[in-house]
Amino acid sequence: MEQNTVSGHDKAVSGMFGRIARFYDLLNHVLSLGIDCYWRRKLARAAVPGPAHLFLDLAAGTMDVCFALRKAHHDCHVLAMDFCLPMLEHGRQKLKKRLEHRILPVNADGKHIPLPDSSVDSVTIAFGIRNIVPRDEALAEMYRVLVPGGRVCILEFGSGKERIFGGLYNWYLNSILPRIGRLISHDDGAYSYLARTICEFPSAWELAREMEKAGFARVSYEKLTGGIVCLHVGEKKA
């Protein structure tokens, strides 16, 4: 990725995730009460193998989605792509411990995927599309690298604009989550950023329309855990 392609927003987000990389897995489990494992399994099962025998996981971070993909699809190879190198380095340590050889870390930007057209069967991204600006560039790249008939699977938090569990979740998101994140990671901004971007994120219906505008067909979404997260699926036209 060339330096002149990196925006100020991208640098700030990459730096923030780099600072919390060693706490990231723990915080995911603590803040979600362990439900994040179930969400990732749902995402992995939504991906479909095809002629390329290759999956691409964007914003792969510490590679938990990649491991879920390998468990759900034993014969697949997975490209774990993220522009935050410290997150990938943390994931590499997990690869060594698990003796996993079919997951390949790639340090790259989801808006400029270094792959040829029609080269992967499915693209997955978990809790990452919210951090990519502008989003339409990433959606266009996902569409480009998919084989005809290939599938994109997007797991993301539901919009904080919607009241979930009678507003209890919204209170947790804005008041409790940033405090726990700050206590464990010792980073004042990271989990306040998380809460803010969830509140600003489009509704499930709006994201589905963005996917259709990018060219995806048969777009659908499923709200999980009362709408705390949503799983969007779309297909590249055959």
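**Asn28 and other local features of a predicted model**

Asn28 is buried in this predicted model, at a relative accessible area of 15%.

Q: Which residues is Asn28 in contact with, leaving aside its neighbours within four places in sequence?
A: Start with the setting: Asn28 sits in helix H2. Its 15% relative accessible area falls under the 20% cut-off, so Asn28 counts as buried. Once neighbours within four places in sequence are set aside, the contacts of Asn28 are Asp36 and Arg40.

Q: At roughly what angle do the axes of H2 and helix H7 cross?
A: Two packed helices are described by the angle between their axes and the distance between the axes. For H2 and H7 (residues 168-185), the axes come within 11 Å. The crossing is right-handed, and its angle is roughly 145 degrees.

Q: How many nonpolar, polar and charged residues does the contact of H2 with H7 have?
A: On the H2 side, the contact is made by Leu26, Leu27, Val30 and Leu31. H7 brings in Tyr172, Leu177, Ile180, Gly181, Ile184 and Ser185. Gly counts as polar here, and sorting the contact by class gives eight nonpolar, two polar and no charged residues.

Q: Where does Leu33 lie, and is it buried or exposed?
A: Most residues other than glycine have a negative phi. Leu33 is not a glycine, yet its phi is positive, at about 60 degrees. You'll find Leu33 in the loop between helix H2 (24-31) and helix H3 (36-46). Its relative accessible area of 75% is over the 50% cut-off, so Leu33 is exposed.

Q: What is the relative accessible area of His53?
A: His53 is another residue other than glycine with a positive phi, near 55 degrees. Look for His53 in the loop between H3 and strand E1 (54-58). His53 is classed as exposed because its relative accessible area is 55%.

Q: Which residues does the cis peptide bond with omega of about -5 degrees join?
A: Most peptide bonds are trans. The cis bond in question has an omega of about -5 degrees.

Q: Which side chain does a polar contact of 2.9 Å join to that of Arg130?
A: Arg130 is found in the loop between E4 and H6, and Arg130 counts as buried because its relative accessible area is 8%. Leaving aside neighbours within four places in sequence, Arg130 is in contact with Glu156, Phe157, Leu194, Thr197, Ile198 and Phe201. A polar contact of 3.5 Å joins the side chains of Arg130 and Asn131. At 2.9 Å, the side-chain partner of Arg130 is Glu156.

Q: How far away is the nearest cysteine sulfur to Cys37?
A: The structure holds zero disulfides. Cys37 is in no disulfide, and its nearest cysteine sulfur is that of Cys66. Cys37 counts as partly exposed because its relative accessibility is 35%. The distance from Cys37 to the sulfur of Cys66 is 15 Å.

Definitions and conventions:
Residues are numbered from 1 along each chain as its sequence is written. This is a predicted model: local features need pLDDT of at least 70, side-chain atom pairs count only at pLDDT 80 or more; totals for chains, interfaces and linings use all residues. Side-chain values use heavy atoms; hydrogens and water are left out. Helices (H or I, at least four residues) and strands (E, at least two) are DSSP runs, numbered from the N terminus. Buried means under 20% relative accessible area, exposed over 50%, partly exposed in between (1.4 Å probe, protein chains only). Axes are lines fitted to C-alpha atoms, for helices over the stretch in contact, and angles run from 0 to 180 degrees between N-to-C directions. A crossing is left-handed if the near helix is turned anticlockwise from the far one by less than a right angle, and right-handed if clockwise. Contact means heavy atoms within 4.5 Å. A disulfide is a pair of cysteine sulfur atoms within 2.5 Å. A polar contact is a pair of N or O atoms within 3.5 Å; within protein, one must be able to donate a hydrogen and the other to accept it, and residues adjacent in sequence count only if both atoms are side-chain atoms.
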